[in-house]
Amino acid sequence: MRTASSTAIALFTAFVVATPAAAQVTAERILHASGEPQNWLTYNGGYDSKRFSSLSQITPANIRDLELKWIVQDQVFGAWESNPLVVDGVMYLTERPNDVMAVDARTGRLFWIYHYTPAGDSHVCCGANNRGVAMLGDTLYMGTLDAHLVAIDAKTGHSIWNTEVADHKAGYSVTMAPLVIKDKVIVGTGGGEFGIRGFVAAYDSKTGKQVWRFNTIPGPGEPGHETWHGDDWKTGGASAWVTGSYDPQLNLLYWGVGNPGPDWNPDQRPGDNLYSDSVVALDPDTGKLKWHFQFTPNDPYDYDSVQIPVLADIDWQGKPVKAVLWANRNGYFYVLDRTNGKFLLGAPFVKVNWSKGLDQKGHPIMTPQPAGMPTWPGVQGGTNWYPPSYSPRTGLFYFSVWENYGSIFRREESQYVAGRTFPGGGQSVFAPVPSSPTIGVGRKGPVNNWTSDVGSGATIAIDPHTGKRVWTFPQYDVTDAGMLTTASDLLFTGGREGYFYALDAKTGKELWKTNLGGSIVMAPVTYQVGGKQYVSVISGHTLVTFGLRN
Amino acid sequence: MRSAGVIAGAVFLVVGAISGLAESAFAQGSSQQYGTANIQAGYRLYASQCALCHGGNGDGVAGINLARQQFRRVSTDADIRRTVTGGIAAAGMPPFQFRPAELDAIIAYIRSGFDLEGASFALGDGARGKAIFDGKGGCTVCHRVHGNGSRNAPDLSDIGALRKPSAIQRSILQPAAAMQPINRPVRVVTHDGRVIQGRRLNEDTETVQLITRDGMLVSLSKNDIQDFELGKTSGMPSFAGKLSTAEVADLLAYLLSLKG
């Protein structure tokens, strides 16, 4: 009898627990995502993109009790850069090229898989990547390699609508996870290596109709157009391939903009080339520009400013300031006032020689290197698109850096042909020995024959008030891993070598590690189901989920 | 007018380089020389005339990888010259009307492995090169090919597929400057007092893997290491002055033939 009744209670409890799972992801819920840390509702865990979770069941004291709970194997080869969402016990995860999976977040078993086949003549510079979905109501939204936006029923895994964002034949693609604000789905386009004219656009979440479009290169008559000559603006790149952030109080959307095109030949596009390599602040209802800040004018180094804008309210010289924290691919860390874009601080976080410093307004003082001489940081930058984290508990900003890594850039005249790469030259990574292996976009194999002589990685913590490093956790190979911090002052991250680390967020001390054997090229996420905290991370072709030993 | 002047200048350079090379080739018997200027001139011709079908990396036609010297119908320089000039109607390759110096430049670019930054090199006779490798050169004292020789230095059984001609030539003539960073000798002292010496095979944040002088594969956790010393110089002697120019060309031809 006792057994039977406890079973009945257990079933009843399970039912009660499961009921809220039916609740829809309203715009209101996303606004207050930090209030439901059991879920991971947007690409960066919340509109402020701190990637900080208030979950604290896993702590420095019990971290050694972490154990493998489950694995999902990717069915497709290639770097797996997807960032999962977790909503009421279900994980939504994409894999190459444009599949979506709904996974039981407790067991790793699939509810459904959605396949989308992008057009065979899709163009992407750097792999058939997809970084994840957005969710509103019962609908998931995914950008595709052939530059469409699709809406998918989150319960059935079947499509609801499919909208063309741009012409993939002209080199446009969408690899980023969309961002939902109110009733709109917002995406930006990739294609900065193909002579596109980039943009960020908003779509009606119900119908897929475009509501507004912000061109990242101003057209004739628009402010900023004077930073381009002739017809250069038509093929000037300025893609927008990483998800932005949103401040509901200011009602401002922040988005990073990519490199100008052709990539390496600034002589072919004289001028500052706005809004390439900038952050733009937009009205999310209309797409109108409120302010912009350009990090690298007339960029010859491919220093996309596609980092995630991290919104933090911090004390600034005795006064509270609404800041945006930004570690840029160009090697400088910036603090801006996000109400108006005013430059507050800029400091190099790695070796920089393309510029000898920033002026009072944050503009770089350019010091181009002679032809054939290396430029630091190299083409992949001091950091890149890898999601950073800011912990309001420690007040520190965390991200992956590439150290002692330089490139030799070469300028050439490129002719624009629709759909073809528009490079304007080339680059090679500076190597200590001629023709020895160098670091590429992804890890080239299990043996590190390029060695730290060509560059190495690190996870670093910066104090936003000074721009100085508080601690450095060095890695031998470079790292594309993102960051996750928690309220128990843990920092989870990884790297190309396949180690998954838990560090002390205050000191950078390694508290726990495990070798997952495949590159970690995304950020971990954390969530809670059935009262238990989990941490998931993608390594190579597996998504691995850890939890505390029962 | 300006364009015409530039072209004329380029042709003059090519011809100048060729005539210079022809003399030295004559002096070395059967060696075939490929000069840097010629390789670079070949790149320009290749990019404008060949890359459309063969691709920027030389692998645009199925079964052929020009940069890696993988061909379907040709093996010698004369074969390439004949194919380019005559075309292959069945495969859709048209005949090209290049001047002899231009043909030489394209061949130099292909033979260099598309190595724009590489030094000039010469290729001799592979069979004579093997004899030098196994005999006079003493290469097998440290290196190994297809199961023969020592494991002290890198196994060269597939070196011709991995490295470009100028890089291999540099290794023969200036081994210290050409040593790949991963191959550096390592001397480790562990916390428990063991001294381990060998050649580095792999390294990451937490561990290092090496092969010892007696052929043991060893993997060490950096937590267990007290001293970690990476040798800066190669143990390999330079063969500059020890082998004649023709012998180096023979040895290079042999090494390039090793493709696993």
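Biologist: What is the relative accessibility of C142(B)?
Modeller: C142(B) counts as partly exposed. That class lies between buried, under 20% relative accessible area, and exposed, over 50% (1.4 Å probe, protein chains only). For C142(B) the value is 33%.

Biologist: Before we go on, which pLDDT do local features need?
Modeller: Residues are numbered from 1 along each chain as its sequence is written, chains are lettered from A and ligands numbered from 1 in written order, and side-chain values use heavy atoms, without hydrogens and water. This is a predicted model: totals for chains, interfaces and linings use all residues, side-chain atom pairs count only at pLDDT 80 or more, and local features need pLDDT of at least 70.

Biologist: Which cysteine sulfur is closest to that of C142(B)?
Modeller: A disulfide requires two cysteine sulfur atoms within 2.5 Å. The closest one to the sulfur of C142(B) is 9.1 Å away, too far for a bond. It belongs to C139(B).

Biologist: Which residue does C125(A) join in a disulfide?
Modeller: Over all chains, the count is one disulfide. Its two sulfurs are 2.2 Å apart. The partner of C125(A) is C126(A).

Biologist: Is that disulfide of C125(A) and C126(A) left-handed or right-handed?
Modeller: C125(A) is partly exposed at 44%, and C126(A) is partly exposed at 40%. The torsion about their S-S bond is about -100°. The disulfide is therefore left-handed.

Biologist: What about C53(B): how far away is the nearest cysteine sulfur?
Modeller: C53(B) counts as exposed, at 52% relative accessibility. C53(B) is in no disulfide. The nearest cysteine sulfur is that of C50(B), at 9.0 Å.

Biologist: Now the interface. What area is buried between chain B and chain A?
Modeller: The contact (heavy atoms within 4.5 Å) takes 20 residues from chain B and 22 from chain A. Buried area is the accessible area (1.4 Å probe) that two parts lose on being put together, summed over both. Carbon and sulfur atoms give 46% of it here. The area is about 1600 Å².

Biologist: How many salt bridges cross the interface of chain B and chain A?
Modeller: A salt bridge puts a side-chain nitrogen of Lys or Arg within 4 Å of a carboxyl oxygen of Asp or Glu. D453(A) and R184(B) form one, with the closest N and O atoms 2.7 Å apart. Across the interface of chain B and chain A, the count is two.

Biologist: Which element of chain B gives the most to the side that touches chain A?
Modeller: Helices (H or I, at least four residues) and strands (E, at least two) are DSSP runs, numbered from the N terminus. In chain B, α7, α8 and β6 each supply at least two residues of the side that touches chain A. One element gives the most, with four residues: β6(B).

Biologist: Which residues are linked with E67(A) in a network of salt bridges?
Modeller: E67(A) lies in strand β2 of chain A and is partly exposed at 24%. The side chain of E67(A) makes polar contacts with those of K69(A), at 2.8 Å, and R549(A), at 3.4 Å. The network links E67(A) with D65(A), K69(A) and R549(A).

Biologist: Which residue forms a salt bridge with R131(A)?
Modeller: R131(A) sits in the loop between β6 and β7 of chain A, and its partner is 50 residues apart, in the loop between β2 and β3. Both residues are buried. The closest N and O atoms are 2.8 Å apart, and the partner is E81(A).

Biologist: And how far apart in sequence are D304(A) and R329(A)?
Modeller: Their side chains meet in a salt bridge at 2.8 Å, N to O. Both D304(A) and R329(A) are buried. D304(A) lies in the loop between β18 and β19 and R329(A) in the loop between β20 and β21, so the pair ties together parts that are apart in sequence by 25 residues.

Note on methods
Polar contact = N/O pair within 3.5 Å; in protein donor to acceptor, adjacent residues only side chain to side chain.
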